[in-house]
Amino acid sequence: MSALMPKASQATQRFIARCAQDCQGVFAGLEEVERANTAKVLGAFQGHDVSARNFAPTNGYGYDDVGRDALGAMFAQVMGCEAALVRPQIASGTHALALCLQGVLRPGDVLLSAAGRPYDTMEQVIGMTGTPGQGSLKEYGVGYRQVELTAAGELDIPGILAALDGKVRLVLIQRSRGYDWRPALPVEQIGQAAQAIHRANPRAWVMVDNCYGEFTGLQEPGDVGCDLMAGSLIKNPGGGLAPSGGYVAGSREAVDLVSYRLTCPGIGGEVGAYAGSYQPFYQGLFMAPHAVAQALKTAVLAARVFERLGYPVHPAYDAPRSDIIEAIKFGAPDPLIAFIRSIQAASPVDSQAVPEPWDMPGYEDPVIMAAGTFVAGASIELSADAPIRPPYTAYLQGGLTYAHGYLAIQGAVQSILDAGLATL
Ligand SMILES: *Cc1c(COP(=O)(O)O)cnc(C)c1O
């Protein structure tokens, strides 16, 4: 065991086991979702006659790359969409989201964020913050507005409609809580908003930041009428196996527009070779419903454990979920940092590393992160992040196996107890 991962006392082990017992009913519900999503994914594999030829590397322009094209079609099907781009070369979730905005929005258009302030890294893409001269949407003459969530953390549909004039071309809805203390938005609620938006302004497309949301429920945004969505392959839909990449899915028209930004006008999605094997992307998609279920079980256990230790958690262990994140409010820097360091110490990779707060590109406050992952930065693997700002909230996510999540949570509790920061 890592020198930094303390051995759990009998009392700690009993405490964690009791908490896990409390979660059994919730786990049964998560297993049902896993089965339904596995059936959906399996249907996509079988419907596209996946065989060894799909995994083969390609080179040059990559015309007629069956591995790339079938993977796109399968993602489209699973996400309830007409089309998708699934590419190792999309560098991150932010890149996938930025491609959507840049592909659809034109000078004079307005982007409306309907779930309040968007994810930190999107602020510089939009031009809300950041260094002028980098080509943000603002510099290209794209306007921006936002509508806050209601006090209950729901989409404010009347407020969205009031902000929806003819200039609004894209309404961005972030499904996940991201780094905020708010519920992840249920897909059904996103669908209700999409319907109302389309009725009020048919020119406005609804785009979902689907990062961390995939396979947490029975439906995806495409199933409820959203026009465009994007996410990262080193989060949920890569199943812990995809080595890099992102995806964009949506209507044929919307995805085509994004494809002209991904490559260039006139060429779009027809090119893009990958000299590595596509096999981990396919296998990752196959594993994704299971990996997400393992991550959700880890989040549920963490919620129960830290709630019982006296820390506010969000969501509660038995609340509905629409993303894989568990937010834990530590109220002070010491237990927060002890927690993050214990997650690192419990990792299979880089367990000896001691996380320190740092100024991460794209983020406004220093961030401390635990990410002892096989795929660098993959947050479907057990990881935790925290911006260093009051009220010192840690965001825990991922966990390829529940057993690993369990051990890591047990270690974190022991560290916090050993430091005298909490009592059982
Ligand atoms: C992770 C994430 C992003 C950005 O993805 P990166 O891969 O970190 O660039 C955007 N939005 C949400 C909600 C996310 O969770």
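Trainee: Where is Ser-113 placed?
Mentor: In this predicted model, Ser-113 sits in strand 2, residues 110-113.

Trainee: Is Ser-113 buried or exposed?
Mentor: Ser-113 counts as buried because its relative accessibility is 2%, and the cut-off for buried is under 20%.

Trainee: What lies 2.6 Å from a polar atom of the Ser-113 side chain?
Mentor: The backbone oxygen of Gly-116 is at that distance.

Trainee: And which residues is Ser-113 in contact with, leaving aside neighbours within four places in sequence?
Mentor: Ser-113 is in contact with Pro-118, Tyr-144, Arg-145, Gln-146, Val-147 and Leu-172.

Trainee: Moving on to Arg-175. Where is its place?
Mentor: Arg-175 belongs to the loop between strand 4 (168-174) and helix 7 (187-200).

Trainee: Buried or exposed?
Mentor: Arg-175 is buried, at a relative accessible area of 1%.

Trainee: Which side chain does the Arg-175 side chain join in a polar contact?
Mentor: That of Thr-216, and the polar contact is 3.1 Å.

Trainee: What about Ile-190, what does that residue touch?
Mentor: Arg-175 again, for one. Not counting residues up to four places away in sequence, Ile-190 also touches Leu-155, Ile-173, Leu-185, Val-208 and Cys-226. Ile-190 is in helix 7 and is buried, with a relative accessible area of 0%.

Trainee: How far apart are Ile-190 and Gln-294 in space?
Mentor: C-alpha to C-alpha, Ile-190 and Gln-294 are 25 Å apart, with a sequence separation of 104 residues.

Trainee: Now the core. Which residues of the largest nonpolar core touch the most other members?
Mentor: Leu-101, Leu-155, Phe-306 and Phe-339 do, out of 137 residues in that core. Helix 9, residues 279-308, gives the largest share of this core, 14 residues.

Trainee: Pockets next. What volume does the largest pocket have?
Mentor: The largest pocket has a volume of about 640 Å³.

Trainee: How many residues line the largest pocket, and which lie nearest its centre?
Mentor: The lining has 32 residues, and Tyr-119, Lys-235, Tyr-363, Gly-377 and Ser-379 lie nearest the centre. Helix 4 (93-104), strand 10 (367-370) and strand 11 (383-387) are the elements that give two or more residues to this lining. Helix 4 provides the largest share, 3 residues.

Trainee: How do the lining residues divide into nonpolar, polar and charged?
Mentor: The lining of the largest pocket has 15 nonpolar, 14 polar and 3 charged residues.

Trainee: What kind of peptide bond runs from His-314 to Pro-315, cis or trans?
Mentor: That bond is cis, with omega near 0°. Pro-315 is in the loop between strand 8 (313-314) and strand 9 (326-329).

Trainee: And which kind joins Pro-390 and Pro-391, cis or trans?
Mentor: A cis bond as well, with omega about 5°. Pro-391 is in the loop between strand 11 and strand 12 (393-397), and Tyr-392 lies in the loop between those strands too.

Trainee: What is phi of Tyr-392?
Mentor: Tyr-392 has a positive phi of about 60°, although it is not a glycine. Tyr-392 is buried, with a relative accessible area of 17%.

Trainee: What about phi of Tyr-212?
Mentor: Phi of Tyr-212 is near 75°, a positive value in a residue other than glycine. Tyr-212 is in the loop between strand 5 (205-209) and strand 6 (228-232). At 6% relative accessibility, Tyr-212 counts as buried.

Trainee: Last one, Gly-47. Buried or exposed?
Mentor: Gly-47 counts as exposed because its relative accessibility is 58%, and exposed means over 50%. Gly-47 is in helix 2, residues 24-47.

Trainee: What separates the C-alpha atoms of Gly-47 and Ala-73?
Mentor: A distance of 10.0 Å, for two residues 26 apart along the chain.

Technical notes: Residues are numbered from 1 along each chain as its sequence is written. This is a predicted model: local features need pLDDT of at least 70, side-chain atom pairs count only at pLDDT 80 or more; totals for chains, interfaces and linings use all residues. Side-chain values use heavy atoms; hydrogens and water are left out. Helices (H or I, at least four residues) and strands (E, at least two) are DSSP runs, numbered from the N terminus. Buried means under 20% relative accessible area, exposed over 50%, partly exposed in between (1.4 Å probe, protein chains only). A polar contact is a pair of N or O atoms within 3.5 Å; within protein, one must be able to donate a hydrogen and the other to accept it, and residues adjacent in sequence count only if both atoms are side-chain atoms. A nonpolar core is a set of buried Ala, Val, Leu, Ile, Met, Phe, Trp, Tyr and Cys residues joined through side-chain atoms within 4.5 Å. On a 1 Å grid over the protein atoms alone, a cavity is a set of points where a 1.4 Å probe fits but cannot get out, and a pocket is an open set with protein on both sides within 12 Å along at least five of seven lines; lining residues have an atom within 4 Å of a point. Grid points are joined across faces, edges and corners, and a volume is the space filled by probe spheres set on the points. Ala, Val, Leu, Ile, Met, Phe, Trp, Tyr, Cys and Pro count as nonpolar, Asp, Glu, Lys and Arg as charged, and the others, Gly among them, as polar. Contact means heavy atoms within 4.5 Å.
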